[in-house]
Amino acid sequence: MVTNPIVAARLEDETYMRRCLELAERGAGSVSPNPMVGSVVVHDGRVIGEGWHRQYGGPHAEVNAIASVEDEALLRESTLYVNLEPCSHYGKTPPCADLIIEKRIPRVVVGCLDPHEKVAGKGITKLRDAGIEVTVGVLEAESERLNEAFMTSHRKGRPFVALKTAQTLDGRIATSLGASKWITGEASRREVHRLRSVYDAVLCGASTVIADDSELTVRLCDGRQPLRVLLDRRLQVPVEARIFNSEAKTLVFALRDEADPALVSQLEARGVEVATVGEAEGSLDLGEVFAELHKRRVLSVMVEGGNRLSAAMVRSGFVDKYYIFIAPKLFGGDGLASFGALDVARPDYAVKLSFSAIQRFGEDLLLEVYPVR
């Protein structure tokens, strides 16, 4: 039993903030390019209201939580918890900070600050100027990580990039004959489809699409279809490929001055958009690719490529997270390695990573890994 009142109060705040994070995650795949936000209203140690941001363009979490309180008079004696700083500007909805002030809620507990240039501390300032007690930084790391895509977009001016691989225990993604279906089991494949549904875009290279006729859609679970992004410098993928079907939108990046206008017209006739970028290190300039996706308000991208694209992504420094599915199988040294050449001459030159979480899907393991910056 905790007897220190300060520690007890902190633990209580963390308990309600965890509930905010649980609620916020329900908006995954529905609220982008907005962040995932949950909110809880507590009166005298009892939750009297809950809400989360359900849909882009819809009411924010604080609005929904306040609206769920049956006795509005209790708000004047309550604490509102929210995992992200309340907005202070007019967007698609009015400022949440103004609503909190209007309802005369005396205390607000915030998980982390909002990096959006129109907020960035202004919501906290507005609340404090109105005489509201504000506590910031409760479960801050967890709050930041939940919205890592939103944070990256506003801090770095590019999408959050995750790299997914499905490999054997000895790090192979195909046999000596190039066969790769299926390395992992059905449970892992369902999880990949779920991940696709929560990322704004799924990116793949031309060689993988040509080899597998990849569709890159969500089929094994419910969820929205991501934007399919194809890197095809000379438009080699056949126009009839499944990645160009009508199940989801597709954006193709080709090399500037080398895209055949006739092929571009054929793709556009199928509803496919083609964008051109420059060259870097003998391939498409990934910096330009991600800059263009950022302009299109794509906050998150999951890369599903072969070992050359995976290696290029690692060398570029753009990878923010890895999803590594590992099947309990061995293909041996004549199988295709998960990553192409990374020019690691000495062990201390290795790309440094940090394990974040391990999950099991059927017989397979999923490692969630972050680069050590």
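Mentor: Let's start with Asn83, which is found in strand S3, residues 79-84. Keep in mind that this is a predicted model.

Trainee: Okay. Is Asn83 buried or exposed?

Mentor: Asn83 is buried, with a relative accessible area of 0%.

Trainee: So what does the side chain of Asn83 reach?

Mentor: One end of the story is the backbone oxygen of Met36, which the side chain of Asn83 reaches at 3.1 Å. A polar atom of that side chain also lies 2.6 Å from the backbone nitrogen of Gly38.

Trainee: And which residues is Asn83 in contact with, leaving aside its neighbours within four places in sequence?

Mentor: The list includes Met17, Cys20, Leu21 and Ala24, then Met36, Val37 and Gly38. Gly111, Cys112, Ser143, Leu146 and Asn147 are on it too.

Trainee: Switching to the sheet. What's the strand order?

Mentor: It's an open sheet of 9 strands, ordered S11-S10-S9-S8-S14-S6-S15-S18-S17, and the pairing is mixed. Strand S11 (273-277) and strand S17 (353-361) stand at the edges with a single partner strand each, so one side of each has no neighbour in the sheet. From one strand to the next, the twist averages 25°.

Trainee: How many bridges join S6 to S15?

Mentor: There are 7 bridges between strand S6 (residues 160-168) and strand S15 (residues 321-327), and the two run parallel. As an example to click on, Ala166 has Phe325 in S15 as its bridge partner.

Trainee: Which strands does helix H6 touch?

Mentor: Helix H6, residues 148-156, packs on the sheet and touches S6, S14 (300-303), S15 and S18 (364-371). The direction of H6 makes about 130° with that of S6.

Trainee: And what does helix H11 lie across?

Mentor: Helix H11 (residues 307-316) lies across S6, S8 (201-205), S9 (227-231), S14 and S15. H11 runs at about 140° to S6.

Trainee: Now the inside. How many residues are in the largest nonpolar core?

Mentor: The largest one has 36 residues, and Leu80, Ile100, Val108 and Tyr323 have the most contacts inside it. Another core, of 30 residues, lies apart from that one, with Leu227, Val303, Val314 and Ile324 among them.

Trainee: Salt bridges next. How many does the count come to?

Mentor: The count comes to 28 salt bridges. Take Glu72 and Lys103, where the closest N and O atoms are 3.1 Å apart. Glu72 lies in the loop between helix H2 (61-67) and S3, and Lys103 in the loop between helix H3 (96-102) and strand S4 (107-112), so the pair ties together parts that are 31 residues apart in sequence.

Trainee: Is Lys103 buried or exposed?

Mentor: Lys103 counts as buried, at 17% relative accessibility, because the cut-off for buried is under 20%. Glu72 is partly exposed, with a relative accessible area of 47%.

Trainee: What about Lys164? Which residue does it form a salt bridge with?

Mentor: Lys164 forms one with Glu304, with the closest N and O atoms 3.5 Å apart. Lys164 lies in strand S6 and Glu304 in the loop between S14 and H11, so that pair ties together parts 140 residues apart in sequence. Lys164 and Glu304 are buried, and the relative accessible area of Glu304 is 8%.

Trainee: What else does the side chain of Glu304 make a polar contact with?

Mentor: The side chain of Arg196, at 2.9 Å. Not counting residues up to four places away in sequence, Glu304 touches Val192, Val202, Leu203, Cys204 and Leu216 as well as Lys164 and Arg196.

Trainee: One last pair. How far apart are the closest N and O atoms of Arg296 and Glu292?

Mentor: They are 2.9 Å apart, in another salt bridge. Arg296 counts as partly exposed at 31% relative accessibility, and Glu292 is partly exposed at 22%. Elsewhere, salt bridges that share partners join Lys156, Arg158, Asp320 and Arg373 into one network.

Conventions: Residues numbered from 1 in each chain as written. Predicted model: local features only at pLDDT ≥ 70, side-chain atom pairs only at ≥ 80, totals over all residues. Heavy atoms only, no water. Pairing = 2+ DSSP bridges. Helix = DSSP H or I, 4+ residues; strand = E, 2+ residues; numbered from the N terminus. Axes fitted to C-alpha atoms, helices over the stretch in contact; angles between N-to-C directions. Contact = heavy atoms within 4.5 Å. Core = buried A, V, L, I, M, F, W, Y, C linked by side-chain atoms within 4.5 Å. Buried < 20%, exposed > 50% of the residue type's maximum accessible area, 1.4 Å probe, protein only. Polar contact = N/O pair within 3.5 Å; in protein donor to acceptor, adjacent residues only side chain to side chain. Salt bridge = Lys/Arg side-chain N within 4 Å of Asp/Glu carboxyl O.
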